[in-house]
Amino acid sequence: MPRIPLVRAVLLATGVLVALTASASLTVVPASAAAPESPAIEWGVVPADAAGPDGRVSLRHTIDPGAAITDAVAVTNHSAEPAVFAVTAGDGVVGADGAYDVRTDAPAAGGAWIDVDGLDGGSLALAAGETRVLPVTITVPADATPGDHPAGIVVGLSADQAGVTVTHRVGVRVHLQVAGDIAPALRIDAATASFTPSWIPFAPGTLTVEYQVTNTGNVRFGASAAAEAAGPLGLMPGGGAGEALEVLPGGSATQRIELPITPLFFAAGEVAVTPISLGDDRVPLPEAASSGFSTPAVPWSSIAVVVLGAGIIALVAVIVLRRRAR
């Protein structure tokens, strides 16, 4: 089977990136895991200066179109065995689950502007316990558009296990912003809602609101959402909030918010998305956006109890009337 073109990779707060996805021919596991048949190989890659790791968690630069800057990363083999690693740069993307990923296909945006020196044909051989500083050059094309161009530098190690290639990947996130006009903007597509009644009669049910946020601007932002809903005439209101998520320029994310609500046969409300700053970002935020929704909210369990109760009462009344008639 062909290898998948996109490997999901999660960037942790420490700047470490761990690949997660797999296919039948490419199994990806955390970098700290060990192959059963081989010694454990553990390694790390972090931002650095000429002397070594410098405490940063990512590479962050604002660069003019047509300009270039230099930086560095330090790769360390923490294991007791030598190893040969593959070092690549790729474009950044946020996956459907909100995790930051780095593509494994040929970069076409920010990843294509990154050159990592000190390699031998894209490979890096490290002795046990060795740390190597690799110079990084970022060259921005003269026609690059202003705004964010997310990327990452990934260090990987592959091994063959019973005919399956297992690839371990860690890396550093690269925040690239091309200087120029910054135009933050977002759009929230029409929200939808569905109601799930509780099996406990007369208890609140669950209203699930689904919405999609699209970044129509040129810089990333975080999106924090909250939903409010109520029955007819605003009766029995309820509310809930969703998790904050990162949305890259041109990207979109679909989220859900669940909130308890008393079923009154109909519910309507609004979901509002508020942009927030992420990390060390210092850019203007887009205007908040909102979208309305409505859905039937039928308390089926309560209706069943009422119908059953009415049936019992009617049956008792018929029996009483028959006895009196006799």
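Which residue in E18 does Ala193 stand opposite? Select Ala193 and look across: the residue facing Ala193 is Val209 in E18.

Before going on, a word about what is on screen. This is a predicted model, where local features need pLDDT of at least 70, side-chain atom pairs count only at pLDDT 80 or more, and totals for chains, interfaces and linings use all residues. Residues are numbered from 1 along each chain as its sequence is written, and side-chain values use heavy atoms, with hydrogens and water left out.

**Stop 1**

Select residues 192–196, which make up strand E17. Strands (E, at least two residues) and helices (H or I, at least four) are DSSP runs numbered from the N terminus. Ala193 and Phe195 lie on the covered face of E17, while Thr192, Ser194 and Thr196 lie on the uncovered one. In a regular strand, side chains alternate between the two faces of the sheet.

**Stop 2: an open sheet**

Next, find the open sheet of 5 strands, ordered E5-E4-E7-E12-E10 with antiparallel pairing. Two strands pair if DSSP finds at least two bridges between them. At the edges sit E5 (52–53) and E10 (114–116), each pairing on one side only. Select 43–49 and 68–77 to see E4 and E7, an antiparallel pair with 5 bridges; there, Val46 has Ala74 as its bridge partner.

**Stop 3: the nonpolar cores**

A nonpolar core is a set of buried (under 20% relative accessible area, 1.4 Å probe, protein chains only) Ala, Val, Leu, Ile, Met, Phe, Trp, Tyr and Cys residues joined through side-chain atoms within 4.5 Å. The largest has 30 residues, and Phe85, Ile114, Ile138, Ile153, Val155 and Val174 have the most contacts inside it. Strand E15 (residues 164–178) gives the most to this core, with 5 residues. A second, separate core has 26 residues, including Ala191, Leu207, Ala229 and Ala267.

Now zoom in on Val174. Leaving aside residues up to four places away in sequence, Val174 touches several residues, among them Leu59, Tyr100, Pro150 and Gly152; contact means heavy atoms within 4.5 Å.

**Stop 4: a cavity**

How many cavities of 30 Å³ or more are there? The count is 1, and about 30 Å³ of space lies in the largest cavity. Here a cavity is a set of points on a 1 Å grid over the protein atoms alone where a 1.4 Å probe fits but cannot get out, and lining residues have an atom within 4 Å of a point. Select Pro197, Ser198, Ala203, Pro263 and Ser301, the closest to its centre of the 11 lining residues. Finish with helix H1 (residues 300–325), which gives the most to this lining, with 3 residues.

Definitions and conventions:
Buried means under 20% relative accessible area, exposed over 50%, partly exposed in between (1.4 Å probe, protein chains only). On a 1 Å grid over the protein atoms alone, a cavity is a set of points where a 1.4 Å probe fits but cannot get out, and a pocket is an open set with protein on both sides within 12 Å along at least five of seven lines; lining residues have an atom within 4 Å of a point. Grid points are joined across faces, edges and corners, and a volume is the space filled by probe spheres set on the points.
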